[in-house]
Amino acid sequence: MHIPDGYLSPSTCALLYGTAIPFWYTAFARVKRLMNTRLVPLLAVASAFCFVIMMFNVPLPGGTTGHAVGVGAATVVLGPWASMLSVSIALLIQAVFFGDGGITTFGANSFNMAIVGSLVAHFTYRAVAGRTAVTSSRRVIAAALAGYTAINVAALLTAFELGIQPLFFKDASGAPLYAPYALHIAIPAMMLGHLTFAGLAELFVAGGVVAYLQRTNPALLGQRSAAGAKEDASPAAASGWKTTRPLWIRLALLMLLTPLGILAAGTAWGEWEAKDFSDAQMRRQITAASGQVAPPSEQPRGLARLSSLWSAPFPKYAPPFVHHPAFGYVMSAMFGCGLILGFFLFMGWMIGKRGSVDSGTSP
Amino acid sequence: MTVPIFEVRDVTYSYREVTALDGLNLTIMPGQRIVLLGANGSGKSTLLSMLDGLCFPEKGSVAFQGEPLAEDRLIGEVEFAFRRRVALVFQNPDVQLFNPTVFDEVAFGPLQLHWPKEQVRLRVSEILEQMEIGNLKDRSPHHLSTGEKKRVALASVLILDPEVLLLDEPTAALDPKSESQMIDFLVSCSGGRKTVVTATHDLDLVEDVADYCHIFRRGRIVAAGTPTEILNDHALLLNTNLVHAHRHAHAPGELHSHPHRHGHRH
Amino acid sequence: MTRAGKNSRGVVERSLASFVDALEHAFYAEELAKKNGLLQKLDPRVKIVAILPLIVIAALARRLWVIAVLFALAVAIALLSSVPLGTLARRVWLGVLTFTGFISFPALFLTPGPAISSLPLLGWTVTAQGLRAAIYLIMRAETAATFSVLLVLCTPWSNVLKALRVLRLPVVLVVVLGMTYRYIFLLLRNAHDMFTSRKSRIVGRLDGPEQRRAATASVGVLMSKTIQLSGDVYLAMRSRGFQGEVYVLDEFRTNWFDWAMLALFITVAFLAFWFGR
């Protein structure tokens, strides 16, 4: 999932660096406040750990092996912010020193795996684990699911970033300048491997680590800020949530609001899917490229209907450039991200609420 | 009357429900060279961290030159002053060598204490030559042998020229040659007014680096004396797991046992 | 059962191989960085400022010949810096070609455009645009990878880190990166020992779930060690006067040669940008 140099256009790279920076900044400030002077050794050693984890091969059912990113395990033990930084640092060293993943694409790789991966893992873990005891088996399942979900969301983002390249960036002859596959190929090709092998590796690592730590060192799971910070688990997580909530809400709102009404005007989804999915020749080729899994034969009707819904507010007044299909893609992507973010915000809010109710009723 | 460098009074400390120090009393005078002798897990390392102001007693008190050594006092300038005067060489050199190169490693301490950069460069080169590791200057710690790592670790604290040198198992895991080299360094740097506290279970080290010994067992000092007194007390050494009875047959059918020391000097 | 046996060795051996690879890679890099060549002579900061734009422009160029010129430039720099081309071919070019070649192969057929030839048996048609797309991807990936590998092979790692400060990276991050790199090798060694000792104990009869438990337990052990290590390292840092702020020594000095080379590199980058628009 490490995108090498040359697969993404510099503008995409710049955009993703730009998106990643506020997260890095917030994470750094958060972890620094929590860990105080312990920040430096903790980050260094945790990053080294993440790096080494990416080299572990895990046996998978069916006789193959795969290796995990370790973002699930890192998030459960270190918390989302420290995990975000550690995985990013590990990726940076991989990119610069071992040539695994590009330098221009480092922002993109960090955003997908480290930032979004950690956040998705964190919220999944908290939602599934709830307030169960540290040693309960539900925590193992929660961690496993967190790893699995995180890696798949990261893969989806990667596929999306790769998939929009041929849409925007073509040379004079129409040849794609960067990653050549459009979304309808990039997404299935990417997800097939991740929903199965890579996802399972991550699932086993995250679940296995939590199961192992429950037996040997449950203290590591009990406190969000490992390695000696004195803060107790839930307040630390909660306060982190509170301080950064405005950032999240603003981002989610922004993403949700921008494409309103513009989304459907381009009818981007309908166009490419109707055309490509019904063309028999094209379908064969997609199937071959996506590892022999046939794409759906019809365009998703739900989306088409959804887009007509959004077009209602101002169908005629939208500026002409919004009719460009590429613009529609990006808008719908922003919209999708906004939805996901909104969903996590809602979950976080629910968890927070449930937590306070719990502590309110307990003596 | 001289004020003791360290005064440890009734100190108790436990680590994850295991008692490491149990009502410990100890006084260390300036310029004294003492050895804390004890088997693994007898509490020596904990005491050294405590003398270095890295952990603090649960009960009892530790005083440094008459001033209490407590967590809330050891901050800012007070801490800087203390760090300049007291230095600890950790048992595991991998923990202590966290910089990318040997040069950076030795320069770390002085830089944190705000020495001028020119002076740092000069002193680092000097101390590396003195410890005969000048050729390792640009090497990464992971390419060094254990003996070299230990020497770099020692250099990284000696550069600060501390008054008190705390050494945790300085000869552990060394091959015989590096061990004798290490002992030579320790003897040469412990001369003069330096106070040296060495924690070890290596009896061979005792006579070279100590004027006085304290024997540890389960977080307490169970005996004390000059190296000669202690090393000749076989019953005591056997009892504190510092030697073990080594059985072997001298003649057919005759089984004989006597205390046996491990360790090699060449 | 044989499969399980083979498999258990496979996992251990593959992990071991990747650890050893990483260690060797690092060792080799340190050796090359000591040689006397063009890049080795340059101030690390100049190297970063000179080579980064070339990587970006290799990604930016919209003309194949410009990317090809940049690639040729990278090869020339490698030769001038006594980096053996054989090594470069084995370590970079072949790897990138295999990976990116595999990725871009279907693009030959999938990209819409006029057909220029077709595969004998399957009858799939290769389009001109598809061919161009594949060449773009491979050339870009090769060029960027060659530049970044050259930068790292010809500079001691600790200097790469310190030089990153010209990119306005905070000191604390530079220090964290240095320590991360240092402890990667300690943990790799740990993991390596763990696997070798396991290998000596396994006779070859572990079923899937057992193997998995063993593998994830290894990760767990490593994680516990990691946390312990970070606590110990903190104490070691504090013992030497660390109070949260770090101070580092950077002793780089530039001379006329550095500036001349920097000017040359920037000019090339600008020209490549201009012609590659």
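**Notebook: a helix pair, a contact and a sheet**

I began in chain C of this predicted model, where the axes of helix α3 (residues 44–60) and helix α11 (residues 256–276) come within 9 Å and cross at roughly 10°. An angle under 35 degrees counts as roughly parallel, so I noted α3(C) and α11(C) as roughly parallel to each other.

Next I looked up who meets whom. From α3(C), the residues include C:V46, C:V49, C:A50 and C:P53, and on α11(C) they meet a set that includes C:M261, C:L262, C:F265 and C:I266. C:D258 and C:G276 of α11(C) are also in this contact. By class, I get 14 nonpolar, 1 polar and 1 charged residues where α3(C) touches α11(C).

Then I turned to chains A and C. Their contact takes 65 residues from chain A and 72 residues from chain C. Which elements of chain A give two or more residues to that side? I found α2 (39–53), β1 (58–60), α3 (71–78), α4 (80–98), α8 (183–216) and α12 (280–289). α2(A) gives the most, with 13 residues. The side of chain A that touches chain C divides into 45 nonpolar, 17 polar and 3 charged residues.

Last, I checked the sheet in chain B. Here 4 strands form an open sheet in the order β2-β1-β4-β5, with antiparallel pairing. β2 (18–28) and β5 (67–68) of chain B stand at the edges with a single partner strand each, so one side of each has no neighbour in the sheet. I followed β5(B) to its partner: 2 bridges join it to β4 (residues 59–64) of chain B, and the two run antiparallel. For B:F64, the bridge partner in β5(B) is B:E67.

Definitions and conventions:
Residues numbered from 1 in each chain as written. Chains lettered and ligands numbered in written order. Predicted model: local features only at pLDDT ≥ 70, side-chain atom pairs only at ≥ 80, totals over all residues. Contact = placed C-beta atoms within 7 Å. Nonpolar A, V, L, I, M, F, W, Y, C, P; charged D, E, K, R; others polar. Pairing = 2+ DSSP bridges. Axes fitted to C-alpha atoms, helices over the stretch in contact; angles between N-to-C directions. Parallel < 35°, antiparallel > 145°, perpendicular 65-115°, else oblique.
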